[in-house]
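Open the model in your viewer and keep the selection panel at hand.

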Amino acid sequence: MNRDQILKEMGLGPIWKLRQPPKKKRGAESATAPATPVDARTAAIAALGWDELRQAVADCQACALCKTRQQAVLGVGDPDADWLFIGEGPGADEDACGEPFVGKAGKLLDNMLAAIDLKRGARVYIANAVKCRPPDNRTPEPGETAACWPFLARQIELIQPKLIVTLGKPAAQTLLQQEVKIADARGQVHDFAGMPLIVTYHPAYLLRSLLDKARAWEDLCFMRKTMKELR
Ligand code: URA
């Protein structure tokens, strides 16, 4: 698929200009990690390697989502990725096949990645704020994201991405630990534990909002520019 076809797939017209240069957040030196108490479970997860982490996620019963899942979905991609994309949680397709973003929203995410010359698995890792499907694809509850946080924190620690991109509000709020309005938070470089973080819309939302697809394209250009400046 060439770039024009990708943009067509995203429902975008041909001409979109890059936004203004990144506005670096001032005074954001340290991480604002979600306020999960450092209990024995959190500490144990923080010491796991990839294989053990995968097993711990598969076996997890820390919240009620384990009762309705078919399988937990750890994430997919390059363990040394430069780019870490974080979604909300598995849907029905992901729950069935064990990989994040494989349904319609996943197809759009793949096309968004391709638009900035990225591909899942190649310098890219894709994860979710929660590893088990919330019933009826509802938004994960705060207790569920908190229970799952040690797994995501460990993934971030192991990957050490150059840039984190959150897709949608739950992922942004999980990492930034504050109420987030995507329209306000996008277009800036935030800080997560010393790592740059960019907020954009969730692909499932973009499938329903043509106007924000155009904004998502601006966000993609902004991400690419930010990554270039990091090098
Ligand atoms: N939506 C998400 O947030 N994550 C997935 O893995 C699939 C859909």
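A cavity here is a set of points, on a 1 Å grid over the protein atoms alone, where a 1.4 Å probe fits but cannot get out. The largest cavity holds about 90 Å³ of space. That volume is the space filled by probe spheres set on the points, with grid points joined across faces, edges and corners.

Select Cys60, Cys63, Arg69, Cys132 and Cys148. Of the 15 residues that line the largest cavity, these are the closest to its centre. Lining residues have an atom within 4 Å of a point. Now colour the lining by class: twelve residues are nonpolar, none polar and three charged. Ala, Val, Leu, Ile, Met, Phe, Trp, Tyr, Cys and Pro count as nonpolar, Asp, Glu, Lys and Arg as charged, and the others, Gly among them, as polar. Next, show helix α6, residues 142–159; this helix gives the most to the cavity lining, with three residues. Helices are DSSP runs (H or I, at least four residues), numbered from the N terminus.

This is a predicted model: local features need pLDDT of at least 70, side-chain atom pairs count only at pLDDT 80 or more, and totals for chains, interfaces and linings use all residues. Residues are numbered from 1 along each chain as its sequence is written, and side-chain values use heavy atoms, with hydrogens and water left out.

Move to the largest pocket, with a volume of about 570 Å³. A pocket is an open set with protein on both sides within 12 Å along at least five of seven lines. Select Glu88, Ala105, His202, Ala204 and Tyr205, the closest to the pocket centre of its 26 lining residues. Then show α4 (92–97), α5 (104–115), α7 (169–176) and α9 (203–206), the elements that give two or more residues to this lining. By class, the pocket lining has eleven nonpolar, eight polar and seven charged residues.

What sits in the largest pocket? The ligand does (more than half of its atoms lie within 2 Å of the grid points). Select the residues around it: Gly87, Glu88, Gly89, Glu94, Pro100, Phe101, Asn128 and His202 (a heavy atom within 4 Å). This shell has two nonpolar, four polar and two charged residues.

Finish with the polar contacts (N or O atom pairs within 3.5 Å):

- Glu88: a polar backbone atom is 2.7 Å from a ligand oxygen.
- Gly89: a polar backbone atom is 3.0 Å from a ligand nitrogen.
- Phe101: a polar backbone atom is 2.9 Å from a ligand oxygen.

Taken alone, the ligand exposes 240 Å², and the protein buries 92% of that (Shrake-Rupley method, 1.4 Å probe).

Notes
A polar contact is a pair of N or O atoms within 3.5 Å; within protein, one must be able to donate a hydrogen and the other to accept it, and residues adjacent in sequence count only if both atoms are side-chain atoms.
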